[in-house]
Amino acid sequence: MHEFFLSTSILLCFLVLLCLYRGTVGPGVLNRIAGISAIGTKTLVILLLMGFIYDRVEMFVDISMVYALLNFIGTLAVAKYLEIEGEV
Amino acid sequence: MWPEYTEQSDNFGGKNKMIRVTDDVIIKTIARVLTPFIQVYALYVIMHGHHSPGGGFQGGVILAASLILLLITHGWAETKKKFSETKTAVFCAVGVLIYTGIGVLCIFMGGNFLDYGKLGGLLMVIPPEARSLGILGVEIGVGITVMAVMFSIFFDTSTGGNSPEDETTSSLR
């Protein structure tokens with residue numbers, strides 16, 4: 001079962017690279033925000049898969065939940081800042 | 001990408017728009033529903049700091065994140081009822097007082113600074129359990145201070161140091 005989790009993690013890391021491309025060179029601010037948010041959700045899943053690989057999933061669940069919460073609040077704050085500054 | 005530095009963009013045109021209430025009903029509803037769950041999770045992180053990842057600092061940051069979420073969605077006038085500037089200053093000091101108070105109490109009980117094992121005589125428990133309770137008390141103090149300081153940093157940077165007037169309007173601009 002570890003091979004399945006490991007191969008899924010590697011595939012998700014490849015998808016993170018694609019999102020990173022959209023986050024760095026993507027045209028406009030909204031594409032960048034969407035790319036960074038997608039990286040956040042993928043990181044969450046990768047953390048959980050690492051927890052299954054190391055057989056300590058009860059610890060990695062805590063970290064990934066914190067990551068999800070802070071990712072949501074950060075995206076909201078950036079969106080509000082851009083709305084104020086008139087970038088969008 | 002970054003805006004020009006002018007007198008107007010320094011304090012958001014004197015209107016402190018970052019902490020104004022938003023118009024969007026979806027964001028306001030999600031923030032209102034999500035804030036208590038974030039706070040309960042932060043308390044869990046603080047309480048289980050000594051046998052799972054987390055602790056006082058991380059739990060305090062999550063508590064501050066819930067307050068910041070409330071501030072950027074519901075505005076300062078609504079957040080002030082929950083967590084005013086006076087409470088921020090008081091909580092900053094009370095957390096440090098709890099931390100150093102437990103540490104100095106250990107000195108009075110005959111140990112070193114933060115030597116929790118010596119608190120067993122005071123708490124009527126064996127020393128290993130006293131160590132667990134002492135670490136829990138110290139982490140509660142750290143969490144309170146971190147929550148207040150994080151909230152204060154966000155509030156001060158978003159207002160530019162000016163104390164905002166009461167925002168009763170619901171328009172963003």
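This is a predicted model: local features need pLDDT of at least 70, side-chain atom pairs count only at pLDDT 80 or more; totals for chains, interfaces and linings use all residues.

Colleague: Is B:L114 buried, partly exposed or exposed?

Modeller: B:L114, which lies in the loop between α4 and α5 (120-123) of chain B, also has a positive phi of about 60 degrees without being a glycine. A residue needs 20 or more C-beta neighbours within 10 Å to be buried and 12 or fewer to be exposed. Because B:L114 has 16 such neighbours inside 10 Å, its class is partly exposed.

Colleague: Are α2 and α3 of chain A roughly parallel or antiparallel to each other?

Modeller: The axes of α2 (residues 29-53) and α3 (residues 57-85) of chain A come within 8 Å of each other and cross at roughly 175 degrees. By class, their contact has 17 nonpolar, 7 polar and no charged residues. Angles over 145 degrees count as roughly antiparallel, and therefore the relation of α2(A) to α3(A) is roughly antiparallel.

Colleague: Which secondary-structure pattern does chain B follow?

Modeller: Chain B has 6 helices and 0 strands, and buried residues make up 33% of its 173 residues. Of the contacts in chain B with a separation of 6 or more, 67% are between residues 24 or more positions apart. Read along the sequence, the pattern of chain B is α-α-α-α-α-α.

Colleague: With which residues is B:I68 in contact, leaving aside its neighbours within four places in sequence?

Modeller: Once the neighbours within four places in sequence are left aside, the contacts of B:I68 are with A:I73, B:F151 and B:F154.

Colleague: How many residues does α3(B) supply to the side of chain B that touches chain A?

Modeller: Between the two chains, 18 residues of chain B are in contact with 15 residues of chain A. On the side of chain B that touches chain A, α2 (25-47) and α3 (56-82) of chain B each supply at least two residues, and by class this side has 14 nonpolar, 3 polar and 1 charged residues. The largest share comes from α3(B), which supplies 6 residues.

Colleague: What ipTM does the predictor give the complex, and over which residues of chain B does pLDDT stay under 50?

Modeller: For the complex, the predictor gives an ipTM of 0.82 and a pTM of 0.81. Chain B averages a pLDDT of 82, and 83% of the residues score at least 70. Beyond four places in sequence, the model has 10 contacts for residues 1-14 of chain B and 14 contacts for residues 166-173 of chain B. The pLDDT stays under 50 over residues 1-14 and over residues 166-173.

Definitions and conventions:
Residues are numbered from 1 along each chain as its sequence is written. Chains are lettered from A and ligands numbered from 1 in the order in which they are written. Two residues are in contact if their C-beta atoms, placed from the backbone, lie within 7 Å. Helices (H or I, at least four residues) and strands (E, at least two) are DSSP runs, numbered from the N terminus. Ala, Val, Leu, Ile, Met, Phe, Trp, Tyr, Cys and Pro count as nonpolar, Asp, Glu, Lys and Arg as charged, and the others, Gly among them, as polar. pLDDT is the predictor's confidence in each residue, from 0 to 100. Axes are lines fitted to C-alpha atoms, for helices over the stretch in contact, and angles run from 0 to 180 degrees between N-to-C directions. Angles under 35 degrees count as roughly parallel, over 145 as roughly antiparallel, 65 to 115 as roughly perpendicular and the rest as oblique.
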